[in-house]
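The following note sets out points on the fold and the aromatic contacts of the model under review. Please read it alongside the sequence and the structure.

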Amino acid sequence: MKKSVLVTGGTGFLGTQMILQLLQKGYNVKTTVRSLKSKDKVLETLGANGITTLDKLTFVEADLSKDDNWKDAMRGCEYVLSVASPVFFTIPKNEEEMIRPAVEGIIRVLKAARDAGVKRVIMTSNFGAVGFSNQDLSTVTTEENWTNPDEKGLSVYEKSKLLAEKAAWDFVKTQGGELEFATINPVAILGPSLSSHISGSFVIVENILNGSMKSIPNIPLNIVDVRDVADLHIRAMETPSANGERFIASADGQISMPEMAALLRSKRPRLATKVSTKTMPNWLLRFAALFNREAREGSLLLRMNRNVSNEKAKEMLGWEPIGTNEETILATVDNMVVHGIIGE
Ligand code: NAP
């Protein structure tokens, strides 16, 4: 019989995709939601995506900031996919308030998992915990790299994920007991959403499409398809040797924001009428970074090494991203049209 898996954050862009793939593989799935009022929406989304028998899915109400119900959530589960975390790309007024749920949340999940005898937890971390301080463009960024928490221009969101991952490894080493642990460190996740809910990462695409970027910064990006990220979590969960490892989730190669804009103009011209044809010179972004925090975050994206290796996931877990960067971006915008998020 297939084992039971807890997915935290079943309402999310990645969380719902994870539930879908686990159910398709025959697993029994439990998921946490912050409010049981979200249950019907998740069920409706799964139903609309071909899951007809929902008797293998159960819901538990749990918040990363509270102890309530985590024990119940873990009961009977062999694996936990710890996906839930605050995702935000705005600049918060209070840094601590945004970082705390991520850091305390993963520790709450790990403690409850250890106490319930869960075999393995896979944490959805972030590439922000890996590669933002490797600025030597002659090297390749791998899972050996760690971002410096004091890196100039590191966003509060990326910092929250970095500190959460560090705290998690520390906990597992010192208090984890028999609990197995691994992390998935995705770059920007795009691709088709199962519902009209999209994640903060879509802001890149939205801002290019809606013309709010009057001139497009020449920032290279690594992206990965949400379906590949879910698949990688399941592989890390199922593969014994993945215990104790980090895995970067990134498609092959990179694409710059002006290249993304050009792709949209040429392949989806009806959606791209507001897409700017101007590229912002790098010196201007660096100059703006002297005065403005958003520009400092952009300037870090410009400095960091985008030569990112996905070899470890491929070699150890047999992972193979399904599409090119271009295909993922086009699938993203086509799906946004389907869900009425953008109009033709
Ligand atoms: P999302 O759609 O915003 O999903 C975030 C999930 O976390 C939602 O289910 C949300 O629940 C839940 N959550 C947030 N704060 C919570 C709290 N205090 N207690 C319990 N649940 C809470 O974002 P996503 O893109 O799917 O992100 C999923 C994971 O991937 C996150 O860990 C994120 O850091 C990581 N990640 C994302 C990207 C990306 O580009 N999107 C890249 C790298 C890593 P509600 O529905 O109740 O808000």
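A residue is called buried at under 20% relative accessible area, exposed at over 50%, and partly exposed in between, with a 1.4 Å probe and protein chains only. The model is predicted: local features need pLDDT of at least 70, side-chain atom pairs count only at pLDDT 80 or more, and totals for chains, interfaces and linings use all residues. Residues are numbered from 1 along each chain as its sequence is written, and side-chain values use heavy atoms, with hydrogens and water left out.

1. Burial of an aromatic pair. Phe88 and Tyr157 are both buried. The structure holds 5 aromatic pairs (rings of Phe, Tyr and Trp, the last by its six-membered ring, with centres within 6.5 Å; planes under 30 degrees apart are stacked, over 60 edge-to-face, the rest tilted). One of them joins Phe88 to Tyr157 edge-to-face, at 5.7 Å centre to centre and 75 degrees between the planes. This pair links distant parts of the chain, 69 residues apart: Phe88 is in the loop between S4 and helix H4 (95-116), and Tyr157 is in helix H5.

2. Because Trp169 belongs to helix H5 and Phe181 to strand S6, the pair ties together parts that are 12 residues apart in sequence. Both Trp169 and Phe181 are buried.

3. The sheet. Helices (H or I, at least four residues) and strands (E, at least two) are DSSP runs, numbered from the N terminus; two strands pair if DSSP finds at least two bridges between them. An open sheet of 7 strands has the order S3-S2-S1-S4-S5-S6-S11, with parallel pairing. Strand S3 (57-61) and strand S11 (246-249) are at the edges with a single partner strand each, so one side of each lacks a neighbour in the sheet. Strand S4 (residues 79-82) and strand S5 (residues 120-124) are joined by 4 bridges; Leu81 has Ile122 as its bridge partner in S5.

4. Contact means heavy atoms within 4.5 Å; axes are lines fitted to C-alpha atoms, for helices over the stretch in contact, with angles from 0 to 180 degrees between N-to-C directions. Helix H5 (residues 156-175) lies across S5, strand S6 (180-186) and S11, at about 165 degrees to S6.

5. Charges over rings. The criterion is NZ of Lys or CZ of Arg within 6 Å of the ring centre and within 35 degrees of the ring normal. The charged end of Arg246 is over the ring of Trp146, 3.5 Å from its centre. Lys312 lies over the face of Phe247, 5.2 Å from the ring centre.
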